[in-house]
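Hi everyone, thanks for coming. Please have the sequence and the 3D view open while I talk, and stop me whenever you like.

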Amino acid sequence: MTLTERFLEYVKIPTSSDADSTTVPTAKKEFDLARRLVEDMKEIGIADAYIDEMCYVYGHIPATPGYENKTKIGFIAHVDTSPDFADSPIKPCIIENYNGEDVILSDSGRVLTTKNFPHLTGLKGRTLITTDGHTLLGADDKAGVAEILYAMEQIIKSGVPHGPISIGFTPDEECGVSADNFNLEAFDAELAYTVDGGEEGEVVYENFNACSAAFEVNGFNIHPGSAKDTMINASLVAMEINSMLPTGETPRDTEGYEGFFHLCDMEGNVEKANLYYIVRDHRAANYAARQDTLRHIEKLINAKYGEGTAKLTINESYRNMEERIRPVFHVVEIAEEATRMAGVTVSNTPIRGGTDGARLSFMGLPTPNLGTGGCAFHGPYEHITVEGMEKAAEIIVNIVKLYGEN
């Protein structure tokens, strides 16, 4: 089976996770792909492949005789896809010898434009795979899944000398909980790579420090005719809280290493209001300062309107994995060398988001993230190229080779 064939089969299997669910996995349909992966792993020669009761797939390729003492490395991808734009069957569209111009996405009314996605012009001549405009594609992260298995198949068939290799496929990454039940002992690796990034050539070891922040605003509602100096309109106080945040520090206004406050949702009336934010920053000091800003706002509001008017709750989400990657930076350097061996330019652009690797790194498994060749994830404009996937798989093979040599 070619890499493209494997990818196209996987994306047609519905696996969107459900952030509102409390089960593990969050959606039973994730088992459908996980079971298929166990079958495929065994077919290519990963004899001990299995799935546990929580939908985590593990498998190992024993070291080549004489290479047992080499570093134990692993590769990880997730089986679930974002619930956004995932209600209908996914119907990939394949454009051979793509002309580098705008693409009309079937009858959806949507157009994949070079204006919105300037990198498309650089894909001219490749085989482009897009959505039909009605769903996402699922390259996040079924491209990573397919690339890992294709690379492992090439390693097994070619007899490339290598140390111990571990494979892991996880559920519920899109809900941010896939690392919660990841079994490090069962995985049995010293370091790993998530194959869950964007364009091929990405070797990413920096991500946001992240938390969620919620303001609960308690108002005082009486008849507006006699409300002078007495009424506290919770919705207006909520607006006041948001106005106290820096106006230029939103996702729309920031890039690169710049952090932000992002108002995700709000609700309210005179008596009660709620604001829900996510807070992000790459730099630990700036991240701490953002949390301090929120606490200061809470303090000012309560001083103005009375204690208990505003209640702030902050929940940590994940931290910048650079802190754990730097002491073992060879894990990045080897991936960079493997990328150059494939004739691909290395990109270390920091993730403006999170990754399984961040959580796993703080659990004791240093895990930078590799590109898959995909772009515009989580929506109907998602796309990938066959050539990009092939290079991503080649980089995985090169990593295995380099660890076998060192």
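**A walk from the surface to the core**

Let's begin with methionine 266, which sits in strand S12, residues 260-268. Keep in mind that what you see is a predicted model. Methionine 266 counts as partly exposed, because its relative accessibility is 46%. Together with Leu236 and Met239, Met266 forms a nonpolar patch on the surface, and the three share about 320 Å² of accessible area.

Now let's go inside. Nonpolar side chains tend to be buried together in soluble globular proteins. Here, the largest nonpolar core has 66 residues, and those touching the most other members are Phe7, Phe75, Met152, Phe169, Tyr193 and Ile399. Which helix gives the most to this core? That is H10, residues 386-405, with 10 residues. Another core lies apart from this one; it has 21 residues, including Phe215 and Tyr287.

If you click on phenylalanine 7, look beyond its neighbours within four places in sequence: among its contacts are Ile129, Leu137, Ile384 and Met389.

Next, helix H2, residues 30-44. Its 15 residues reach 22 Å from first C-alpha to last, close to the 21 Å expected at 1.5 Å a residue. Phe31, Leu33 and Leu37 are among its buried residues, and so are the charged Arg36 and Asp40. The buried residues of H2 pack against helices H1 and H3 and strands S1, S2 and S8. Just after H2 comes glycine 45, with a positive phi of about 115°.

Arg36 and Asp40 turn up again in a network of salt bridges, linked with Arg6, Glu9, Glu153 and Lys157.

On to salt bridges in general: the whole structure has 18. In one of them, lysine 72 meets aspartate 188 at 3.2 Å, N to O. That pair links distant parts of the chain, 116 residues apart. Lysine 72 is partly exposed because its relative accessibility is 29%, and aspartate 188 is partly exposed too, at 37%.

Glutamate 200 and arginine 126 form another, at 3.0 Å. Glutamate 200 lies in the loop between S9 and S10 and arginine 126 in the loop between S6 and S7, so this bridge ties together parts 74 residues apart in sequence. Is glutamate 200 buried or exposed? With a relative accessible area of 16%, glutamate 200 is buried, because the cut-off for buried is under 20%. Arginine 126, at 22%, counts as partly exposed.

Finally, a local pair: lysine 391 and glutamate 394 meet at 3.4 Å. Both lie in helix H10, 3 residues apart, about one turn of the helix. An α-helix has 3.6 residues a turn, so residues three or four places apart point the same way.

Definitions and conventions:
Residues are numbered from 1 along each chain as its sequence is written. This is a predicted model: local features need pLDDT of at least 70, side-chain atom pairs count only at pLDDT 80 or more; totals for chains, interfaces and linings use all residues. Side-chain values use heavy atoms; hydrogens and water are left out. Patches are made of residues with over 30% relative accessible area and no salt bridge: like charges are joined within 9 Å, nonpolar side chains (Val, Leu, Ile, Met, Phe, Trp, Tyr) within 5 Å. Accessible areas come from the Shrake-Rupley method with a 1.4 Å probe; for residues, only the protein chains shown count as cover. A salt bridge is a side-chain nitrogen of Lys or Arg within 4 Å of a carboxyl oxygen of Asp or Glu. Helices (H or I, at least four residues) and strands (E, at least two) are DSSP runs, numbered from the N terminus. Buried means under 20% relative accessible area, exposed over 50%, partly exposed in between (1.4 Å probe, protein chains only). The expected span of a helix is 1.5 Å times one less than its number of residues. Contact means heavy atoms within 4.5 Å. A nonpolar core is a set of buried Ala, Val, Leu, Ile, Met, Phe, Trp, Tyr and Cys residues joined through side-chain atoms within 4.5 Å.
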